[in-house]
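The following explanation accompanies the sequence and the coordinates shown below.

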Amino acid sequence: MKRLLSIITFFSFYIFTFCASAQDRSIVPLADPFILLDGDTYYAYGTHDANGIEVWTSKDLLGWSKLDALALKKDNTTEQQRFWAPEVYHKNDKYYMYFSANEHLFVATASSPRGPFKQVGGYMMEPLLGDEKCIDSSVFFDDNGQAYCFFVRFTDGNCIWMCQLADDLTTPVEGTLRKCINVSQSWENLLGRVTEGPFIWKNNNIYYLTYSGNDYRSQDYAVGYAMSRSLSTTGGATPSWQKYANNPIVRRVENLVGTGHHSLFTDKEGRLRIVFHAHHSESVVAPRRMYIGTMEFQGNTLRMTADPIIRPTTPGKVAAGIEAHSTAHPLPLPKGGETFDFLGRKVNHSTPLSWGGARGGLILNGKKYISR
């Protein structure tokens, strides 16, 4: 009887674990997410696939489908790894994708938001920084059409810098490189010294530099902002940024941790939205997933509303993909059995595997009991 109860308890635990895991896996697996509303369709891009940049589509922000083809394949770039933090804009009858690869910044263009995007030129910041590493590019288009690129340099931990872009929207303008912010508030250095993931929003002629602070692996990875009255670098001017005293404005919302690296957009109903990623669970970082909240301005203060967080779901199984800097946390190996990851590969319990896919199961004494 004790053995039977032990077996029942064992299977109950694993069935619960796999069911919970299956439910978690239905949330869109994008980190560093960006959403473009083009026509009547939302397009989501982010960090996830080791071979490039995925694109997901939705009509209502709730249900999402991943396109079979990558929006950006590494074959259409000069790089082979670390495809992170893309943004896509429709300008001059083309779609521009700004992204990081191998810790450098690049631009790719396409005739459709679905791709295929192809890299234009080499390192985007080479004219200003040479071969120096930098990540997290975000482009803001001001009312007069001037484009500015905000990005992260590793100059004192992670710091946010900016420059103007030329009319081609890809070339940085010499003499316009300016430092924006570095770590100065306590929440930004709970784990490492980090200000990253910049995104600009303009409201009532004030520029809001929203950003993430703290290391992305921290449960207290969060979003804050700084404000400036000008972005001008004309005549040697340097924009002055003042951080909001009550930062962060997005941290540990609902039951989510590691809430950060966001972007802002206006939905079909005209509401200001924030899309961000959160950790896989309260104890496991990867794979990070995409969530959507609602923002508002109260006077000159930007805040998240109390509206429920949207948890974008997929219509079926998550296709195989490997997040660029994630590791698996396999289930404990039961006596007499073997554990397989979600690609159906046998887990070597001395070496973590990269996470990916939606197939796999528990094998006990040669029998597969649970499968997705």
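**Enclosed space and its surroundings**

About 90 Å³ of space lies in the largest cavity of this predicted model. Of the 14 residues that line this cavity, Ala 85, Glu 87, Ser 137, His 261 and His 262 are the closest to its centre. The elements that give two or more residues to the lining are E1, E7, E11, E15 and E19. By class, the lining of the largest cavity divides into five nonpolar, six polar and three charged residues. The structure holds one cavity of 30 Å³ or more.

An open space may be considered next. The second largest pocket has a volume of about 370 Å³, and 17 residues line it. Tyr 89, Phe 199, Trp 201, Leu 264 and Phe 265 lie nearest the centre of this pocket. The elements that give two or more residues to the pocket lining are strand E1 (31-38), strand E7 (83-91), strand E11 (134-141), strand E15 (195-203) and strand E19 (260-266). The lining of the second largest pocket comprises 14 nonpolar, two polar and one charged residues.

Strand E1 leads from these spaces to the pairing of strands. Seven of the eight residues of E1 are buried, and the strand is thus described as mostly covered. E1 runs antiparallel to strand E2 (residues 41-47), to which six bridges join it. Within this pair, Ala 31 stands opposite Thr 47 in E2. The hairpin of E1 and E2 has two residues between the strands, and in this hairpin Gly 39 takes a positive phi near 65 degrees.

Four strands form an open sheet in the order E19-E20-E21-E22, with antiparallel pairing. The edge strands of this sheet are E19 and strand E22 (301-304), each of which pairs on one side only. From one strand to the next, the twist averages 35 degrees. Strand E21 (residues 289-298) and E22 pair over four bridges in the antiparallel sense; Glu 296 has Arg 303, in E22, as its bridge partner.

Most residues other than glycine have a negative phi, and most peptide bonds are trans. Asn 92, which is not a glycine, has a positive phi of about 55 degrees. Asn 92 is placed in the loop between E7 and strand E8 (94-101), and counts as exposed because its relative accessibility is 54%. Glu 103 also has a positive phi, near 60 degrees. Glu 103 is located in the loop between E8 and strand E9 (104-110); this residue is buried because its relative accessible area is 15%, under the 20% limit.

Two cis peptide bonds can be examined in the same way. The bond from Asn 247 to Pro 248 is cis, with omega near -5 degrees, and Pro 248 lies in the loop between strand E18 (242-243) and E19. The bond from Ala 286 to Pro 287 is likewise cis, with omega near 0 degrees. Pro 287 is found in the loop between strand E20 (272-278) and E21.

Is Glu 188 buried or exposed? Glu 188 is buried, because its relative accessible area is 0%. Glu 188 has its place in the loop between strand E14 (178-181) and E15. A polar contact of 2.6 Å joins the side chain of Glu 188 to that of Tyr 211.

Technical notes. Residues are numbered from 1 along each chain as its sequence is written. This is a predicted model: local features need pLDDT of at least 70, side-chain atom pairs count only at pLDDT 80 or more; totals for chains, interfaces and linings use all residues. Side-chain values use heavy atoms; hydrogens and water are left out. On a 1 Å grid over the protein atoms alone, a cavity is a set of points where a 1.4 Å probe fits but cannot get out, and a pocket is an open set with protein on both sides within 12 Å along at least five of seven lines; lining residues have an atom within 4 Å of a point. Grid points are joined across faces, edges and corners, and a volume is the space filled by probe spheres set on the points. Ala, Val, Leu, Ile, Met, Phe, Trp, Tyr, Cys and Pro count as nonpolar, Asp, Glu, Lys and Arg as charged, and the others, Gly among them, as polar. Two strands pair if DSSP finds at least two bridges between them. Axes are lines fitted to C-alpha atoms, for helices over the stretch in contact, and angles run from 0 to 180 degrees between N-to-C directions. Buried means under 20% relative accessible area, exposed over 50%, partly exposed in between (1.4 Å probe, protein chains only). A polar contact is a pair of N or O atoms within 3.5 Å; within protein, one must be able to donate a hydrogen and the other to accept it, and residues adjacent in sequence count only if both atoms are side-chain atoms.
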